[in-house]
Amino acid sequence: MKTQATAEAIQAQEFFHIPFWQQPQADIFSQRALRLSELAAEDSSDWQPYLQLLAAICHAQQTLLKRYAQAAWVLPSADTAEFPLTPALLTANHDLTGRLFTDLHALLQPQLTPTATQVWKEILQLGSEERSQLCQQALNQQLGVAQQDYQIWVNAVVQIIYTHAALNLAATAVKPLPEPGFCPCCGTDAVGAVIIGHGELEGLRYLCCGVCNSRWHSVRARCSFCDNSRDLGVHRIEQASDGVLSGAEAECCPSCHAYRKRYRLAKQQYADPIADDLASLSLDILLNEDGWHRGGANPFLFMGKVPRH
Ligand SMILES: [Zn+2]
Ligand SMILES: [Zn+2]
């Protein structure tokens, strides 16, 4: 009789190897667009148009990721930097960045609201130096109230650039950082995590980067902010038996009082840490009311709210 080994038994074997880094999927933006469309169809709140707009943006991002795959990018060589995809990537690819803005606008133009049309007019009038600076600020999560209207569009361009670069990195160039919550490729604080739902990696936690779309393994037993391993809690909305909230949880640490959201792929197979986050903000509202502080910024949220679009 054939017996089936459990995931725990396989992982306990000495030769079992947990891959530290998962390179972005080449069709990550298409997958996210699909997920956003599904979530928009389930949603009847005033968030729905925003989820639909983001689905259109993700479609355009996928088109551009493919269109620029063979462009003359200046990518980092394997060097001694703390992490491989630094802000220097933006300065080294000034011209391509400018072209991405123009092309993204051309693809999305038919769907833009009057507000977004006006914002794009301003973006396209900026000099390449100023646009590059906006990208740097978006990468460092330093866009302020004055740049709020640019946020979605600038982040969309930054994601294309860093995802392309991550797709071209060798696994040997990616090393864990001392602080586990930060992306080992581009240094960004993880937007959330997924708990793998099946296969040999079932039950493992991978943190997810909202900029370069990398995922990296981090042990579940420790807080991804302060490394505390005592009394970590998981909060979820108990009444949610299906839909996006059935897979969304928050890991809460009593030591640093921070939480990071995570998504159980066993419950919601196609959960995406950016898309599902936007459709499960009721969980954040409850946690904030209870005094927990959110860690991990979503590039498509402005201080917990939908940016003007
Ligand atoms: Zn990253
Ligand atoms: Zn902590």
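**Entry 1: helix 5 and helix 6**

I looked up how helix 5 crosses helix 6 in this predicted model, and the crossing is left-handed. Helix 5 covers residues 94-108 and helix 6 covers residues 114-125. I found their axes 10 Å apart, at an angle of about 155 degrees. The two helices are therefore roughly antiparallel to each other, since an angle over 145 degrees counts as that.

Which residues of helix 5 and helix 6 meet? On the helix 5 side I noted F101, T102 and H105, and on the helix 6 side W120, I123 and L124. Sorted by class, this contact has four nonpolar residues, two polar ones and no charged ones.

**Entry 2: helix 6 by itself**

Next I checked the length of helix 6. At 1.5 Å a residue, its 12 residues should span 16 Å, and the end C-alpha atoms are 17 Å apart, which agrees.

Does helix 6 lie largely in the open or largely buried? I found that one of its 12 residues is buried, so helix 6 lies largely in the open.

**Entry 3: helix 5 and helix 8**

I then turned to the packing of helix 5 with helix 8. Their axes are also 10 Å apart, and the angle is about 125 degrees. That makes helix 5 oblique to helix 8. Their crossing is right-handed. From helix 5, the contact uses T97, L100, F101 and L104; from helix 8, it uses W153, A156, V157, I160 and I161. I sorted these residues into eight nonpolar, one polar and no charged.

I spotted F101 here again: it is part of the contact with helix 6 and part of the contact with helix 8.

A reminder to myself about helices: an α-helix has 3.6 residues a turn, so residues three or four places apart point the same way.

**Entry 4: helix 3 and what covers it**

Helix 3 spans residues 48-67.

Which residues of helix 3 are buried? My list is Y50, L51, L53, L54, A55, I57, C58, A60, Q61, Q62, L64 and L65. The elements covering them include helix 2 (28-42), helix 5, helix 8 (151-167) and helix 10 (275-278).

I followed up on helix 8. Its axis and that of helix 3 come within 10 Å and cross at roughly 35 degrees, and the crossing is right-handed. Helix 3 brings I57, Q61, L64 and L65 to the contact, while helix 8 brings I152, A156, Q159, I160, T163 and H164. By class I get six nonpolar, four polar and no charged residues. A156 and I160 of helix 8 turn up in this contact as well as in the one with helix 5.

Most residues other than glycine have a negative phi, so I went looking for exceptions.

N213 has phi near 65 degrees, a positive value, and is not a glycine. I located N213 in the loop between strand 3 (205-208) and strand 4 (215-217). N213 has 27 other C-beta atoms within 10 Å and is buried, because 20 or more count as buried.

D227 is not a glycine either, and its phi is positive at about 75 degrees. Where is D227 found? I traced D227 to the loop between strand 4 and strand 5 (233-235). With 15 C-beta neighbours inside 10 Å, D227 counts as partly exposed.

Terms used
Residues are numbered from 1 along each chain as its sequence is written. Chains are lettered from A and ligands numbered from 1 in the order in which they are written. This is a predicted model: local features need pLDDT of at least 70, side-chain atom pairs count only at pLDDT 80 or more; totals for chains, interfaces and linings use all residues. Axes are lines fitted to C-alpha atoms, for helices over the stretch in contact, and angles run from 0 to 180 degrees between N-to-C directions. Helices (H or I, at least four residues) and strands (E, at least two) are DSSP runs, numbered from the N terminus. Angles under 35 degrees count as roughly parallel, over 145 as roughly antiparallel, 65 to 115 as roughly perpendicular and the rest as oblique. A crossing is left-handed if the near helix is turned anticlockwise from the far one by less than a right angle, and right-handed if clockwise. Two residues are in contact if their C-beta atoms, placed from the backbone, lie within 7 Å. Ala, Val, Leu, Ile, Met, Phe, Trp, Tyr, Cys and Pro count as nonpolar, Asp, Glu, Lys and Arg as charged, and the others, Gly among them, as polar. The expected span of a helix is 1.5 Å times one less than its number of residues.
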